[in-house]
Amino acid sequence: FQYRRRIYHNSDREERTDIYFTLGGYASGGVKVNTKTSSYWDRINISSTGVSVIDSQQVSSDSKGKVLLPVTAGGGFMFGNERFWQIGADFRWTNWKKYQSPFNNGNLADSWRIGLGVQIVPKYGERKYLSNVQYRLGGYYASSEITYQGKALTEYGGTLGLGLPLY
């Protein structure tokens with residue numbers, strides 16, 4: 001879902017001074033998918049002349065199974081005007097503990113991620129190309145689904161981006 005509302009309007013000025021608030025959310029997953037897998041083991045020899053297969057063994061052929069995809073839900077907000085500046089944040093959660101597949105996936109943890117970002121457009125509507133480019137900067141902090149010694153790994157990072165207009 002998405003909801004957008006103008007929260008400030010100055011009738012004496014251009015549209016660029018309007019300020020909007022946008023709220024959104026989504027969810028997906030929780031679906032079972034049928035699978036068919038085959039497994040092989042190869043024993044190889046690596047030498048200065050290259051790699052050669054010594055022998056192969058088929059472990060399983062056309063094994064039927066099911067994969068239960070994890071449920072993902074998230075939401076966020078955006079504040080500002082896409083023709084001048086915007087600031088926004090979002091949150092995502094995925095239920096990896098319920099994920100199932102025919103393969104040994106190890107112990108997965110539920111994951112989450114929170115992100116924050118800003119965008120500016122120097123002078124929207126002017127003839128100069130670079131004045132209409134959207135310049136973006138963001139960052140995120142997350143808890144991964146991958147665990148090590150019983151604890152979920154932490155992820156964090158930053159992002160830089162450009163929105164290039166096509167005329």
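The structure is a predicted model. Its mean pLDDT is 90 over the chain. Of the residues, 98% score at least 70. Strand S7, residues 111–120, has the highest mean, at 98. Strand S4, residues 50–68, has the lowest, with a mean of 81.

The largest pocket holds about 370 Å³ of space. Its lining comprises 22 residues. Those nearest the pocket centre are Gly-88, Leu-116, Gly-117, Val-118 and Gly-138. The largest share comes from S6, which supplies seven residues. By class, nine lining residues are nonpolar and nine are polar. The remaining four are charged.

Side chains of opposite charge can pair when their charged atoms come close. Three salt bridges were counted in the model.

One of them joins Arg-4 to Glu-82, with the closest N and O atoms 3.1 Å apart. This pair connects distant parts of the chain, 78 residues apart. Arg-4 belongs to strand S1 (residues 2–8), whereas Glu-82 sits in the loop between strand S5 (72–81) and S6. Both partners are partly exposed. The relative accessible area is 41% for Arg-4 and 33% for Glu-82.

Strand S1 also carries Arg-6, which pairs with Asp-18 in the loop between S1 and strand S2 (19–28). The closest N and O atoms of Arg-6 and Asp-18 are 3.5 Å apart. Twelve residues separate the two in the chain. Their accessibilities fall in separate classes. Arg-6 is partly exposed, because its relative accessible area is 44%. Asp-18 has a relative accessible area of 1%, under the 20% cut-off, and therefore counts as buried.

A further salt bridge links Asp-55 and Arg-43, with an N to O distance of 3.0 Å. Asp-55 lies in strand S4 and Arg-43 in strand S3 (residues 32–47). The partners are twelve residues apart and tie together distant parts of the chain. Asp-55 is partly exposed, at 36% relative accessibility.

How values were computed:
Residues numbered from 1 in each chain as written. Predicted model: local features only at pLDDT ≥ 70, side-chain atom pairs only at ≥ 80, totals over all residues. Heavy atoms only, no water. pLDDT = per-residue confidence, 0-100. Helix = DSSP H or I, 4+ residues; strand = E, 2+ residues; numbered from the N terminus. 1 Å grid on protein atoms, 1.4 Å probe; cavity = no way out; pocket = protein on both sides within 12 Å on 5 of 7 lines; lining within 4 Å. Points joined across faces, edges and corners; volume = space filled by probe spheres on them. Nonpolar A, V, L, I, M, F, W, Y, C, P; charged D, E, K, R; others polar. Salt bridge = Lys/Arg side-chain N within 4 Å of Asp/Glu carboxyl O. Buried < 20%, exposed > 50% of the residue type's maximum accessible area, 1.4 Å probe, protein only.
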